[in-house]
Amino acid sequence: MGHEHKLAIFQGTLKFKNNVQKIWGVLIFLTIVTAIEVALGIYKPAFLMDFSPIGMKALNWIFIILTLVKAYYIAWDFMHLRDETKWLRRAIVWTCVFLIVYLITILLVEGDYIRNVWENGHTAWDF
Amino acid sequence: MDSTAITTGTEEKTWGGGNQPFKASYGKMMMWFFIMSDALTFSGFLAAYGFSRFKFIESWPIADEVFTHIPFYHGDPQPMIYVAFMTFILIMSSVTMVLAVDAGHKMQQNKVAWYMFLTIIGGAIFVGSQAWEWATFIKGDFGAVETRGGQILQFVDNEGKRVALADFTTASETERTAHERKNGLWFRDEGTLPTYTMADVKAGFLANDDVLIRTQVINEEGEKTVLTRAESMKKIEEGVMTVEGANLVHNEYGSRLFADFFFFITGFHGFHVFSGVLINLIIFFNVIIGTYEKRGHYEMVEKVGLYWHFVDLVWVFVFTFFYLV
């Protein structure tokens with residue numbers, strides 16, 4: 001069981017002496033990421049708002065990527081998936097990631113399609 | 001140390017249930033099963049939110065204009081600050097939870113109790129903040145007018161600064177009284193009457209030349225479109241009712257779906273936090289009375305810990321999709 005802790009994060013770049021120290025280290029990292037998100041959310045740099053790679057503003061892509069980074073460290077260190085056996089971890093993560101990506105892709109494509117129909121069709125605004 | 005709570009006497013037999021290829025106990029596996037199904041439920045909600053948002057991408061409310069309040073503060077609008085605080089509280093309570101789990105592995109009863117206690121306090125602060133956030137959202141900010149087609153018209157001055165209905169409207173005497181059950185059909189009654197009638201708003205709007213209408217449509221600069229005075233005069237004729245605040249049917253901030261999803265998703269998450277606090281309380285008392293000392297291990301703390309971190313994990317996504325993106 002999870003009594004043996006893997007104490008290195010960032011692919012082994014940062015090693016901690018014990019588990020408690022690692023927890024505080026992860027907290028500091030998550031706080032920094034949140035602070036970056038909030039700062040970007042308040043100031044909204046113009047160059048990130050104007051530039052839209054793959055159908056969404058660069059700023060929104062940054063938010064989503066930072067969120068996934070946070071999710072990774074919450075799951076790996078707080079929910080100690082890092083210390084579980086490889087296949088328990090994979091059974092949990094791969095299943096969820098596959099189903100969620102699938103659902104989101106379908107619903108967003110469909111939503112965008114309906115918007116196009118409304119834009120080019122002759123229907124009332126909202127109901 | 002063996003962490004399995006119940007021994008069945010079949011530990012030695014591979015096919016007797018004694019084999020644990022994942023090296024996780026039954027209880028912990030089941031907690032992960034639950035968390036996965038709950039994660040899929042939440043992604044269903046958030047994906048539905050994304051679907052509706054992509055449908056109305058040109059007219060969706062801008063979150064920074066909706067959530068701008070901080071308790072006890074009445075100055076300029078401050079988007080993000082309070083939610084950032086809530087996020088930090090929840091991450092912090094997650095940290096105290098891991099520390100409790102860690103202390104549990106070392107069989108330090110007092111430490112586990114203290115960390116559980118701090119986790120519960122953090123959770124309570126978060127639920128309280130969310131209740132306040134709801135109350136502010138329901139009460140509303142400036143008020144707006146809704147058209148027959150369901151569009152929301154908001155009011156701004158010449159500089160584009162928001163104007164509240166109360167700033168240019170005076171309520172007129174009206175004979176209309178709210179319909180109550182005792183006066184007619186027993187199963188029907190009516191909520192509070194709006195502060196202003198549509199006629200009041202129209203009269204006030206026509207009397208104040210510097211008030212303009214802002215529509216829901218987002219322009220090239222990513223801001224809501226403000227009409228000219230002449231266009232506004234024409235647009236106000238379409239208004240059929242005033243809207244103050246938000247509920248499941250009317251929403252002064254814009255698309256009503258925004259309010260529906262806000263109530264549904266943050267409500268569902270808030271309910272998770274609330275039940276998490278209750279479960280943590282039960283475990284906290286168990287720690288204090290020494291249940292887990294007797295049992296010889298603190299795996300129960302680890303299991304509720306998993307649930308608690310999951311709630312934090314979901315909030316990270318809700319935070320992104322409701323407040324940031």
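Tutor: We will take the two chains in turn, and then the contact between them, bearing in mind throughout that this is a predicted model.

Student: How do you know what the pattern of chain A is along the sequence?

Tutor: Chain A has four helices and two strands, and reading along the sequence gives the order β-β-α-α-α-α.

Student: What is the radius of gyration of chain A, and what would a compact globule of 127 residues have?

Tutor: The globule rule puts a compact globule of 127 residues near 14 Å, but chain A has 20 Å.

Student: Which domains does the assignment give for chain A?

Tutor: The assignment gives domain 1 as residues 1-84 and domain 2 as residues 85-127, and the centres of these two domains of chain A, taken over C-alpha atoms, are separated by 24 Å.

Student: How many residues of domain 1 of chain A are in contact with domain 2 of chain A?

Tutor: Five residues of domain 1 of chain A are in contact with six residues of domain 2 of chain A, where contact requires heavy atoms within 4.5 Å. Together the two domains of chain A bury about 430 Å², with 68% of that area on carbon and sulfur atoms. On the side of domain 1 of chain A, the residues that lose the most area to domain 2 are Trp76(A), Leu81(A) and Glu84(A), which together account for 95% of what that side buries.

Student: Why is the pair Arg115(A) and Glu119(A) called a salt bridge?

Tutor: The side chains of Arg115(A) and Glu119(A) meet at 3.1 Å, N to O, and the rule asks for a side-chain nitrogen of Lys or Arg within 4 Å of a carboxyl oxygen of Asp or Glu, so the pair qualifies as a salt bridge. Both residues lie in helix α4 (residues 86-120) of chain A, four residues apart, about one turn of the helix.

Student: Which domains does the assignment give for chain B?

Tutor: In chain B, domain 1 is made up of 50-140 + 258-324, while domain 2 is 150-244. The centres of these domains of chain B, taken over C-alpha atoms, are 36 Å apart. Nine residues from domain 1 of chain B and eight residues from domain 2 of chain B take part in the contact.

Student: What area do the two domains of chain B bury between them?

Tutor: They bury about 550 Å² between them, 44% of it on carbon and sulfur atoms. In domain 1 of chain B, Ser59(B), Ile62(B) and Glu65(B) lose the most area to domain 2, together 58% of what that side buries.

Student: What makes Glu65(B) and Arg214(B) a salt bridge?

Tutor: The closest N and O atoms of Glu65(B) and Arg214(B) are 3.0 Å apart, and the cut-off is 4 Å, so this pair meets the rule. Across the interface of the two domains of chain B the rule finds one salt bridge, along with four residue pairs in polar contact.

Student: How many residues of chain B are in contact with chain A?

Tutor: 60 residues of chain B are in contact with 53 residues of chain A, and the two chains bury about 5,100 Å² between them, 78% of it on carbon and sulfur atoms. In chain B, Phe22(B), Trp32(B) and Phe54(B) lose the most area to chain A, together 12% of what that side buries.

Student: Why does the pair Lys44(A) and Asp64(B) count as a salt bridge?

Tutor: The side chains of Lys44(A) and Asp64(B) meet at 2.9 Å, N to O, which is within the 4 Å of the rule, so the pair counts as a salt bridge. The count between chain B and chain A is three salt bridges, and over all chains the count comes to 16.

Conventions:
Residues numbered from 1 in each chain as written. Chains lettered and ligands numbered in written order. Predicted model: local features only at pLDDT ≥ 70, side-chain atom pairs only at ≥ 80, totals over all residues. Heavy atoms only, no water. Domains from an automatic or database assignment. Buried area = accessible area lost by both parts, 1.4 Å probe. Polar contact = N/O pair within 3.5 Å; in protein donor to acceptor, adjacent residues only side chain to side chain. Rg over C-alpha atoms; globule rule 2.2 N^0.38 Å.
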